[in-house]
Amino acid sequence: MKLLVIGGSYFYGRVFVMEAAGAHEITVWNRGTYSMADFGVRQITGDRHDKSAASSCGDYDAVIDFCAYEAGDVRSMVECLSGKIGQYILISTVDVYERGTGLVKTEEAPLEHRQIPGEAGAYIAGKTALEEEIREVCSERGIPYTVLRPAILYGPYNYAPRESVYIQMLLVNHALPKFMDADGVFQFVYVKDAAQAVLKCLGNEKAYGQAYNLCQDQTVTYDSFFHVLQKVADPEVLTNLTQVPLTVAEAVNQGVPVPFPAVKAETQLCDNEKGKTQLELVYTDFEEGMRRTYQAFKHVYVD
């Protein structure tokens, strides 16, 4: 298939391109921070709002949009592409669901329309608006669309300071925090599984007009996360390991990263059955995914 990938040089998009390049003809449209030449893909360098960058675009069997964040991003992209779009796949997030209900979210759960303060609130508002926008724009133009809502992405190439910060602490400082009052529960999705989900949606009529949660089968707490990290680490790293007891508030005050939901009030769990049933999605066991992630980052932090 002929694919146009918007973004695609960082984490999720980069891994998707790596997974898809051998089987599909791919054009990547991004700001050109990282060259994609090694993957054998065509690259358009330019901001997504720069219509002149679209002059070399033609027809595409699918557009996969990894970097739509603000209202108007989907509409402007569809309007500036002069060729035919066979399918539009929007990468959203499980954070779009209405917060505070305490319910496990299926794809039919209400979305969050309240104004939440801060950077996280702006991100959620943007993704919620884009989900409504893609339905409207693609319906107007007869373009099949699919929305993917990943949980916390992890794995090799992750530039966000999440699991990598704890791997670095373990390898460099031989220390890990032990949060004494963290009772939050969260869900991950291994980045290669999320990339495979995009591939499963391509040209798949079952996926047209649908949204899918992408989250592994296991739920995780800080205690279980640190337990798995120690299981996959090299034995010699654990020999002099120090576990530092901290409350969440103490960690925040001391600048110790707390990247995952730390308290029950922040817990938002989702159901993944729809994707497993309709798309036959399979999720990597968390311990295996963390083993691969640890090995990848080990070579970054240890000579």
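View 1. Tyr145 is buried, with a relative accessible area of 13%, where buried means under 20% relative accessible area, exposed means over 50%, and partly exposed lies in between (1.4 Å probe, protein chains only). This residue is found in strand E6, and the helices (H or I, at least four residues) and strands (E, at least two) named here are DSSP runs, numbered from the N terminus. The model is a predicted one, in which local features need pLDDT of at least 70 and side-chain atom pairs count only at pLDDT 80 or more, while totals for chains, interfaces and linings use all residues. Residues are numbered from 1 along each chain as its sequence is written, and side-chain values use heavy atoms, with hydrogens and water left out. Not counting residues up to four places away in sequence, Tyr145 touches Tyr88, Ile134, Arg135, Cys138, Ala207, Tyr208, Gly209 and Gln210, contact meaning heavy atoms within 4.5 Å. Tyr145 and Glu205 are 60 residues apart in sequence, and their C-alpha atoms are 9.7 Å apart in space.

**View 2. Helix H3 and what covers it.** The 24 residues of helix H3 (residues 118-141) should span 34 Å at 1.5 Å a residue, and the end C-alpha atoms are 34 Å apart, which agrees; the expected span is 1.5 Å times one less than the number of residues. Among the buried residues of H3 are Ile124, Leu130, Ile134, Val137 and Cys138. The cover over the buried residues of H3 includes helix H2 (73-80), strand E5 (88-91) and strand E6 (145-150). Just after H3, Gly142 takes a positive phi of about 70°.

**View 3. The packing of helices H1 and H5.** Helix H1 (residues 12-20) and helix H5 (residues 191-201) pack at an angle of about 60°, with their axes 9 Å apart. Axes are lines fitted to C-alpha atoms, for helices over the stretch in contact, and angles run from 0 to 180 degrees between N-to-C directions. From H1, Tyr12, Val15, Phe16, Glu19 and Ala20 meet residues of H5 that include Val191, Ala195 and Leu199.

**View 4. The largest nonpolar core and helix H10.** Of the 34 residues in the largest nonpolar core, Tyr166, Phe179, Phe188, Tyr222, Phe225, Leu229 and Tyr294 touch the most other members. Such a core is a set of buried Ala, Val, Leu, Ile, Met, Phe, Trp, Tyr and Cys residues joined through side-chain atoms within 4.5 Å. The elements that give two or more residues to this core include helix H4 (163-173), helix H6 (222-232) and helix H10 (286-301). Leaving aside neighbours within four places in sequence, Tyr294 is in contact with Ile167, Leu170, Leu171, Leu229, Val232, Ala233, Asp234 and Val237. Tyr294 is also one of the buried residues of H10, together with others including Phe286, Met290 and Phe297.

**View 5. Two loop residues with a positive phi.** Most residues other than glycine have a negative phi. Tyr157, in the loop between E7 and H4, has a phi near 80°, a positive value in a residue other than glycine; Tyr157 is partly exposed, with a relative accessible area of 44%. Glu280 lies in the loop between helix H9 (273-278) and H10, has a positive phi of about 60° although it is not a glycine, and counts as exposed at 57% relative accessibility.
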